[in-house]
Amino acid sequence: MASKSNVLDQPVQPLNDAAGRDEMIRFENVSKIFDSRGERVQALKDVNLSVARGDIFGVVGYSGAGKSTLLRTINGLEIPSTGKVLVDGADIGALNGKQLSAARQNIGMIFQQFNLLLSRNIFQNIAYPLRLAGVSKAETKKRVYELLDFVGLGDKAKAYPEQLSGGQKQRVGIARALANRPAVLICDEATSALDPQTTGEVLDLLKKVNREYGITILLITHEMDVIRKICNKVAVMEGGTVVEHGGVYEVFSDPQAPVTSRFVSSVLDHRPGTEAIEHIRKTHRGQLVQIEVKDEGSSDPFLSRIARKRNVDFNIVYGGVNELQSRVFGSLTVELLGSGPDIELALDDLAQVAEIRKAG
Ligand SMILES: Nc1ncnc2c1ncn2[C@@H]1O[C@H](COP(=O)(O)OP(=O)(O)OP(=O)(O)O)[C@@H](O)[C@H]1O
């Protein structure tokens, strides 16, 4: 649990993370207040986060949590009311216009609605940022075809956006964002307009961007499944604050904030809710206990060991075990059958080797 922390008691991570990688994005006490028609909206409240070079960092939250505002501070589309955002060492809020344009070439961005130029073909869309950066025609041509191959659209140079599917349009968006060889790619709900199959393909492409080009990715989403599939780090936002952040495995296997638990249970259904417990109770009269399954204990056959030793039976009535980043975790709800004293001894034994909770 070393990499997990709550932002309230740990202001900001050090410049090097546990793996020794250096920092690519740093939010330092970032707050943002909008004044809209006489109404003050605090979109961000004292956000402190550190994104290491090479991370795929996901920010998840419900609508209005402040995700877009946070993302837009990275390339200066929003300037914090207080606090600062550092990208690859540059303090974004302190840059003049020219410096900001240069910094933006280092920060690619993709959008939920793709934002392609509809009157230009795919080649021209991808070439656009290269033209703005003053890249020569020959160099542009080489780079665009290289990118088209990379995103799997080698035959679409002359097509127009309206002739492409949603997934293909997002591939073009990714190619365009990569044109100037940025160090960072920021993704604004990049798969929210896509069906599940296409979402999976675009997420695979983002993984390839991270792996093959070493680009740091920060994405915002309201879908925990996106986080589960590609991120190594996650921050959960609610009401403009980061309520929890850490390694994806740590956060998924042991969520602390209620909003995080809700997000986790939207993709993993391994713990029974009140209704499920009531249903189980109708057919199982024994002692019900929830056992948390963690990576560290997965090789110990403790259930059969304790069952033999204490002369009790374990009847699995609910649960699931998941794999995340090559580590397992989950929860089993079991019914203990045996004499009262044996069950008590078995519960003591269980508590020695696993996190348990009486259920129902
Ligand atoms: N330009 C603006 N002017 C006024 N209020 C704004 C502005 N931009 C965002 N807000 C408000 O700030 C809060 C956070 O909005 P933000 O868009 O960052 O949240 P979000 O988590 O990205 O939600 P969504 O997924 O719905 O976009 C909301 O209450 C929103 O109404």
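The C-alpha centres of domain 1 and domain 2 are 41 Å apart. This is a predicted model, where local features need pLDDT of at least 70, side-chain atom pairs count only at pLDDT 80 or more, and totals for chains, interfaces and linings use all residues. Residues are numbered from 1 along each chain as its sequence is written.

**Exercise 1.** Find the two domains and describe where they touch.

*Solution.* Start with the bounds: domain 1 covers 23-266 and domain 2 covers 274-358, as given by an automatic or database domain assignment. Next, look at the contact, which takes six residues from domain 1 and five residues from domain 2; two residues are in contact if their C-beta atoms, placed from the backbone, lie within 7 Å. On the domain 1 side, helix 8 (residues 248-253) gives the most, with four residues. Helices here are DSSP runs (H or I, at least four residues), numbered from the N terminus.

**Exercise 2.** Work out how helix 11 and helix 12 pack.

*Solution.* First, locate helix 11 at residues 302-310 and helix 12 at residues 340-353; their axes come within 10 Å and cross at roughly 150°. Axes are lines fitted to C-alpha atoms over the stretch in contact, and angles run from 0 to 180 degrees between N-to-C directions. Angles over 145 degrees count as roughly antiparallel, so helix 11 and helix 12 are roughly antiparallel to each other. Finally, pick out the residues that meet: Phe-302, Ile-306, Lys-309 and Arg-310 come from helix 11, while helix 12 brings Asp-342, Leu-345, Ala-346, Asp-349, Leu-350 and Val-353.

Key
Helices (H or I, at least four residues) and strands (E, at least two) are DSSP runs, numbered from the N terminus. Angles under 35 degrees count as roughly parallel, over 145 as roughly antiparallel, 65 to 115 as roughly perpendicular and the rest as oblique.
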